[in-house]
Amino acid sequence: MTTSHSLTAEELTLGYGDRVVVESLDLSVPPGRVTVVVGANACGKSTLLRSMSRLLAPREGRVLLDGKRVHRMPAKELARTLGLLPQSPVAPEGITVLDLVGRGRHPHQGVFTRWNEKDDAAVASALEATRTAGLADRSVDELSGGQRQRVWIAMALAQQTDLLLLDEPTTFLDASHQIEVLDLLTDLNRTRGTTVVMVLHDLNLAARYADHLIALAGGRIHAAGSPADVLTEEMVEAVFGLRSRVIEDPVSGKPLMLPLGRHHIRPEPAGTGSATAGPAGTGAPEPAGEPVH
Amino acid sequence: MSVPAVTRPSVLRDVTRGRVRNATHRRLVVLTLVVLVLAGFAVTLMAGQTFYPPRDVVRVVLGEQVPGASFTVGRLRLPRAVLAVVAGFSFGMAGVTFQTMLRNPLASPDIIGISSGASAAAAIAIVTLSLDEIQVSVLAIVAALVVALVVYGLAFRDGVVGTRLILIGIGISAMLDSVTSYVLSRAAEWDLQEAMRWLTGSLNGVSWDQTVPALLALAVLAPVLLSQARDLSAMQLGDDTASALGVRVERTRITVIVAAVCLIAFATAAAGPIAFVAFLSGPIAARLVGGGGSLLVPAGLVGALLVLAADFAGQFAFDTRFPVGVVTGVLGAPYLVYLIVRTHRAGGSI
């Protein structure tokens, strides 16, 4: 199945108190694809995600889901189409995995409707997809970071939305768990056609897992498009204030950013600039001597 | 790894089984609590200085005239037992509502000053202003809402943090308790019974005049809270997650706070701030029920049972008669200490 829900932002201005965080931003999320938002700290990534899922009302402009303003849609109706996993969700003390994942069914239930087989099926499917079925009776408190994150994703999956927004789903996870979570989200996208929008800190993982990459700077979109077009040395310099080299990732063929800090940089022979590598990586320049690994 | 298109039947079976197991356990707990509350209620009506057999009690409750029993059971014991159940249920339900919403067992209305506000207002209304029951209730509600607003307002800085709210509430609560003490000490006729009621809560000398408003309030407000039970469970996961699950967080919060505060105020205006019932009921209910489902009804039943049992013990277990609040206070204080010690051992803050 594929989803054809359109999620767009038009001239969106967002802020807290006197502070404007996002200004007059236009954005369109490609349906059925994985979109990743990157940007420096406090550039408005999370704010944008919060607003797209109705958590923050826009100062100006609007967020449209299938042409309807999300901030005017009935809360539950929206929650059946669009799910959000916030950056730091709170698990009540002693709650079991089964109970937590079951709470994802909230938008499908009314005050008087009882829990039914459809709810069971959704929960089972979410546990299965995130490989947490074996943890069902465990208390969330006693899980490892990676397990816990999978359980939270399972809760969002039980919501059975065609769009899933995630705010830094890989924070606090070690390398293997980060990959595990991102692989899982890619699986969801490929097998169920779920549209995924997530904020990531790691530029290289963002470039690898994104179909559509958005670089945000100062509350505006600096660049958006395929990772190869967006992750360039110029973008990294402009958005993060970091000099870098971008090469082709030998594993994925996507761009790979290598930061140029002040230390541990191999002195380069004269005549080779540092900004020669193209976005999609024409390969690192190979002067005489050792190859660059 | 890839996402299976079809769920294995064994996983689905386990999920269904787990859900049914939780639901059955929960039903069993609720049923047991109902039976215990009914038993406590019946014992309260039968036992006392004179024992009346169940047959007499039933006849009195049905409105028949039974010499002796009609007065003792109908006029003395029945309103007292009803108020014990109603006040206990109100405190338990309102307490667990606050604890769930603020995600902290210390955030119960009797710790953060709301009960104290209702109590101080009721003391002033009765002792100083000599108002009637309806006026007392109204004043207690206004005071409780104002206290809730003040505590919430003082705790608000970029959102409300539980710890700050609790500490501010404890401070406000102490101030209000001293107001109550002052009002009572200035009263023309110093009445110990009355004083105990407003300081710790008491059911001594209760009549229908006090019981009926609290009963009506519970009948109206309990369904309001129950209608919000699911949203409240979602809000336990944090405001953002709840919002993402389709809860209108602000609307739910206001509805729930107003309903819970009114419940507390009505119950307090009738029985005084029965110590620690709101605070104890939720955690006990959570321990009994285990995972899953709303705690509103179980906590209400635990509250009712606590008040019934404590009042009975206070009347008959000792040489002296103690008001119910003294007994629940003895039960509640150690738990408060335990909770704080445990939090600090775990390295957390309040």
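**Domains, sheet and chain contacts in a predicted model**

In chain A, 7 residues of domain 1 are in contact with 8 residues of domain 2, contact meaning that the C-beta atoms of two residues, placed from the backbone, lie within 7 Å. The side of domain 1 of chain A that touches domain 2 of chain A receives two or more residues from each of α7 (203-209) and α8 (227-230) of chain A, and α7(A) gives the most, with 4 residues. Helices (H or I, at least four residues) and strands (E, at least two) are DSSP runs, numbered from the N terminus. Domain 1 of chain A covers 7-230 and domain 2 covers 242-293, with bounds from an automatic or database domain assignment. Their C-alpha centres lie 34 Å apart.

The model is predicted: local features need pLDDT of at least 70 and side-chain atom pairs count only at pLDDT 80 or more, whereas totals for chains, interfaces and linings use all residues. Residues are numbered from 1 along each chain as its sequence is written, and chains are lettered from A and ligands numbered from 1 in the order in which they are written.

Chain A contains an open sheet of 6 strands with mixed pairing, in the order β6-β7-β8-β3-β9-β10; two strands pair if DSSP finds at least two bridges between them. Strands β6 and β10 (220-225) of chain A stand at the edges with a single partner strand each, so one side of each has no neighbour in the sheet. Strand β9 (residues 212-217) of chain A runs antiparallel to β10(A) and is joined to β10(A) by 5 bridges. Leu216(A) stands opposite Ile221(A) in β10(A). Helix α1 (residues 45-52) of chain A packs on the sheet, touching β3 (34-39), β7 (163-167), β8 (195-199) and β9 of chain A.

Between the chains, 41 residues of chain A are in contact with 32 residues of chain B. On the side of chain A that touches chain B, α4(A) gives the most, with 8 residues.

In chain B, helix α1 (residues 9-46) has 38 residues and should span 56 Å at 1.5 Å a residue, the expected span being 1.5 Å times one less than the number of residues. The end C-alpha atoms of this helix are 55 Å apart, which agrees. Its buried residues (20 or more other C-beta atoms within 10 Å of their own, C-beta atoms being placed from the backbone) include Val11(B), Arg26(B) and Leu45(B). The buried residues of α1(B) pack against elements of both chains, among them α4 (117-129) of chain A and α3 (69-101) of chain B. After α1(B) comes Gly48(B), with a positive phi near 160°.

Conventions: A residue is buried if 20 or more other C-beta atoms lie within 10 Å of its own, exposed if 12 or fewer, and partly exposed in between; C-beta atoms are placed from the backbone. Axes are lines fitted to C-alpha atoms, for helices over the stretch in contact, and angles run from 0 to 180 degrees between N-to-C directions.
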